[in-house]
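Below is a short briefing on one protein model.

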Amino acid sequence: KINKNLFQLSKGMEKMKVSLFATCLVDMFQSNVGKATVELLERLGCEIEFPESQVCCGQPAYNSGYTKESKEAMKKMIDTFKDAEYVVSPSGSCAFMFHEYPHVFKGDPVWEPKAKKLAEKTYELTQFIVDVLKVEDVGAKLEGHATYHTSCHMTRLLGVKEAPMILLKNVKGLNFTELPGKEQCCGFGGTFSVKMAQISEQMVDEKVCHVEDTGADYLIGADAGCLMNIGGRIDRKGKPIKVLHIAEVLNSR
């Protein structure tokens, strides 16, 4: 039985306007995640806008210590989403970066207020569905056994922990097993996987072992970077585990 709020939204209540922050990895490598996000939010009664002027949020440069250089990308994103009612992203890591902007521009009389406004209206996808739309059951259906990878930025920095679990537990036909060592990083860490490739490889190998221990058919996550890293290792090892972004799961019918 579909959540009452979802039923009301589907009956033609006033649509909530959402601007999609797609992220670089979704744009370049996982367009299916962007499509699933749009279809899911539209089914939940939202009107979706995709600002074509969006670029990288600046996180790779910022995390590598190039704060000055990254500010240009940040300013571009602030201007891009200045008129948005809500900004929603299928990435906890990139959504968190918008929340980091006020810190980056602290003391700047022009950009700090703008950065705060953007941060206040930016949400990760599952966070938006549960906390803003107040929907816990999106009517999704997927047969099989799954486990979930809790990405570092989404859980530790953005603080989104419960929303994905609430939504996944209401997916019809999906049996769920908690991932052992779920708090451990998968080894991606953005540029870390490039700069510290050998350490990263050992970390993702350990993560894949934990996934195997659950006996899951599906590994689900909410950050494209983590899924690309873990999924790549699963593929190289020839493991019969399908990697899915949570948007794809919630959009399955």
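Helix α8 is followed by Lys134, whose phi is positive, near 60 degrees. Helices (H or I, at least four residues) and strands (E, at least two) are DSSP runs, numbered from the N terminus. The model is predicted, so local features need pLDDT of at least 70 and side-chain atom pairs count only at pLDDT 80 or more, while totals for chains, interfaces and linings use all residues. Residues are numbered from 1 along each chain as its sequence is written, and side-chain values use heavy atoms, with hydrogens and water left out.

- Lys134 lies in the loop between α8 and β5, and has its positive phi although it is not a glycine.
- Of the 8 residues in α8, 7 are buried (buried means under 20% relative accessible area, exposed over 50%, partly exposed in between, with a 1.4 Å probe and protein chains only).
- The buried residues of α8 are Leu125, Thr126, Gln127, Phe128, Ile129, Val130 and Val132.
- An α-helix has 3.6 residues a turn, so residues three or four places apart point the same way.

**Nonpolar cores**

- A nonpolar core is a set of buried Ala, Val, Leu, Ile, Met, Phe, Trp, Tyr and Cys residues joined through side-chain atoms within 4.5 Å.
- The largest core has 43 residues, and those touching the most other members are Phe128, Ile129, Val138, Leu174 and Ile220.
- Elements that give two or more residues to this core include α3 (31–43), β3 (86–89), α6 (92–104), β5 (141–148) and β7 (218–221).
- The element that gives the most to this core is α8, with 5 residues.
- Leaving aside neighbours within four places in sequence, Phe128 is in contact (heavy atoms within 4.5 Å) with residues including Met16, Val18, Leu41, Tyr86 and Leu133.
- A second, separate core has 18 residues, among them Phe81, Ala84, Met97 and Trp111.

**Residues in helix α5**

- Ser70 sits in helix α5 (residues 67–80) and is buried, with a relative accessible area of 2%.
- Not counting residues up to four places away in sequence, Ser70 touches Gly58, Ala61 and Tyr62.
- Thr80 is also found in helix α5 and is buried, with a relative accessible area of 16%.
- Thr80 and Cys46 are 34 residues apart along the chain, and their C-alpha atoms are separated by 20 Å.

**Thr23**

- Thr23 is found in the loop between β1 (16–20) and α2 (24–28).
- The phi of Thr23 is positive, about 80 degrees, although Thr23 is not a glycine.
- Thr23 is buried, with a relative accessible area of 8%.

**The whole protein**

- The protein has 14 helices and 8 strands, and buried residues make up 53% of its 253 residues.
- A compact globule of 253 residues would have a radius of gyration near 18 Å, and the protein agrees, with 18 Å; this radius is taken over C-alpha atoms, and the globule rule is 2.2 Å times the number of residues to the power 0.38.
- Taken along the principal axes, the C-alpha atoms fill a box of roughly 55 × 50 × 25 Å.
- Among contacts between residues at least 6 apart in sequence, 79% join residues at least 24 apart.
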